[in-house]
Amino acid sequence: MTRHRSVWAATAAMPEFPALDGNVHVDVVIIGAGIAGLSTACLLAQAGRSVAVLDDGPLADGMTQMTTGHLTSMHDDRYFEVEKLHGPEGARLAAASHAAAIERIHEIVRREGIDCDFARLEGFLFLAEDDGEATLDRELAAAHRAGLTAVRRAERAPFGTWSTGPCLVFPDQGQFHPLKYLAGLARAVERAGGRIYCNSHADHVEGGVPGVVHVGSHVVTGDAIVVATNVPINDRLAIHPKQAPYMTYVIAAKVPRATLPKALAWDTGDPYHYLRIHPLEDADLLIIGGEDHKTGQAHDAGERHARLERWARERFPMMGPIEFAWGGQVMEPMDYLAFIGRNPMDHENVFVVTGDSGMGLTHGTIAGMLLTDLILERENPWATLYDPSRVRVRAAAEFARENSNMALQYADWLTGGDVESVNDIARDSGAILRRGLEKIAVYRDAQGALHERSAVCPHLGCIVKWNGSEKTWDCPCHGSRFEPKGNVINGPANKPLASVESPEHKRAA
Ligand SMILES: Cc1cc2nc3c(=O)[nH]c(=O)nc-3n(C[C@H](O)[C@H](O)[C@H](O)COP(=O)(O)OP(=O)(O)OC[C@H]3O[C@@H](n4cnc5c(N)ncnc54)[C@H](O)[C@@H]3O)c2cc1C
Ligand code: FES
């Protein structure tokens, strides 16, 4: 079984790009080469703008490689909930934007000739064990009001011997191999004259005329800057309190070819299960996700894949051994829609996209379309809906709940460590150790060597937690994540966990 690596990462040959080796000026600088950054770069370059994309890893090394690749206009928070917060017109615009994103991906695939297993297919929303049919009735009515008039009810989803019970059918959804799609997008950016720099970490972003992105000793300047790092690295307080980080987990196992239909499916649970089929040469791969929890706040993260497997085997006894198990993080906006547009409290030429949720592939594509229009000063009907400065008063209860949960995380400064001594830490595992006033994140590698870092998150000072399933240090406050030796893999933190000898660590202690 392959752990911590998705089937996509194992089956795509990604193009390589050089690191930045001098100063560059372009019309638009884009930080982040995931689906949001590359979609924006592609559409701007094809509209005649010069663009430079910076990524601090290889191409598409972020959450887009961890996705399950559902492209959907089914809203995972339900249209009746979106309607409550954004009104009927907001729900209608949201539905139209996700449908348009699927169509735009389809069009890019056709036009650029991208071989990425793209398929149009149906999606089935079925009831979780503890849910009742009223949920389906409410959602069917809300989906119709939102303009998705082809959504219909069915007796069951066509999943072989497993009876899902009643469900809603969403026609014209999509799926693809996300990394093959991003490889094709990157080539399209290059063909349109855009430049891509990998292994080029953006240290600092300054709005202004021009905007400046600092990358080590070099600068990239532009008339506009787009921060598409999944979680913004340039925001401290304007957006982070309006979204919450959640970990979500995935398993994949072979099933005999054509025993299950090529379709998407989701249940109505919270957290919910999501499934799809990916064609392999010798079989179909059944991919199932779920078991979400707030980042850094589960004490049983290591058990999540096992629970998913039990859920899956009860329903799909034909499944072979687990071939892949991985997980990743999504940012859940408290009012259910991504934040795409001008960065609040910043110069007007700095743009941002975040709040992806479980619909980040369509949200990332919507970002490409919307940000291109904003930068080219064209009208776009979705601009107000996705404006990162928005405050929806009706989301106040959710806002208060998530933020008091976040504030509680600072109490970790006062508690003991996970272990009394480093001798209690197994190989390839980590734990927090209290040493006097200090909290240390200690990782024991597979050879037995110890690696110590400050456990204080460099973003706003919460104490990180060990995630035994993904082997990462996760921050429970705003979702920064670090690999076992402390290097940052998810913002908003933009630097590693401090060395235990550093002045920052001593000051924090
Ligand atoms: C398990 C899982 C399943 C999912 N399933 C689905 C699904 O079925 N459908 C769906 O629509 N969505 C799904 N999502 C969500 C979706 O995959 C993501 O929201 C989406 O891929 C995020 O794209 P992005 O471009 O915003 O971010 P990313 O892909 O993370 O790209 C951001 C890039 O920014 C780079 N970066 C960060 N900081 C810096 C810096 N300082 N300097 C330079 N570069 C930097 C990173 O290296 C990274 O490459 C899922 C997510 C997970 C984790
Ligand atoms: S992510 Fe904000 S304090 Fe860690």
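Helices here are DSSP runs of H or I with at least four residues, numbered from the N terminus. The model is predicted.

**Exercise 1.** Describe the span and burial of helix 2, and the backbone just after helix 2.

*Solution.*
1. Helix 2 has 12 residues, and the distance from its first C-alpha to its last is 16 Å. The span expected at 1.5 Å a residue is also 16 Å, and the helix comes close to that.
2. For burial, the cut-off is under 20% relative accessible area. By that cut-off, 11 of the 12 residues of helix 2 are buried, and the helix is mostly covered.
3. Among the buried residues are Ile35, Gly37, Ser39, Cys42 and Ala45.
4. Just after helix 2 comes glycine 48, with a positive phi of about 95°.

**Exercise 2.** Work out which elements and which classes of residue make up the shell around ligand 1.

*Solution.*
1. Ligand 1 is surrounded by 39 residues, and the closest are Asp55, Met63, Thr64, Asp356 and Leu361.
2. At least two residues of this shell come from each of helix 2 (35-46), strand 12 (243-255), strand 16 (322-333) and helix 7 (360-375).
3. Sorted by class, the shell holds 20 polar, 15 nonpolar and 4 charged residues.

**Exercise 3.** Find polar contacts to oxygen atoms of ligand 1, then state how much of the ligand the protein buries.

*Solution.*
1. A polar backbone atom of methionine 63 is 2.8 Å from an oxygen atom of ligand 1.
2. Threonine 68 places a polar side-chain atom 2.9 Å from an oxygen atom of the ligand.
3. For threonine 67, the distance from a polar side-chain atom to a ligand oxygen atom is 3.1 Å.
4. Ligand 1 taken alone exposes 1000 Å², of which the protein buries 95%.

Methods: Residues numbered from 1 in each chain as written. Chains lettered and ligands numbered in written order. Predicted model: local features only at pLDDT ≥ 70, side-chain atom pairs only at ≥ 80, totals over all residues. Heavy atoms only, no water. Near = heavy atom within 4 Å. Polar contact = N/O pair within 3.5 Å; in protein donor to acceptor, adjacent residues only side chain to side chain. Areas by Shrake-Rupley, 256 points an atom, 1.4 Å probe, with all protein chains shown as cover. Nonpolar A, V, L, I, M, F, W, Y, C, P; charged D, E, K, R; others polar. Expected span 1.5 Å × (residues − 1). Buried < 20%, exposed > 50% of the residue type's maximum accessible area, 1.4 Å probe, protein only.
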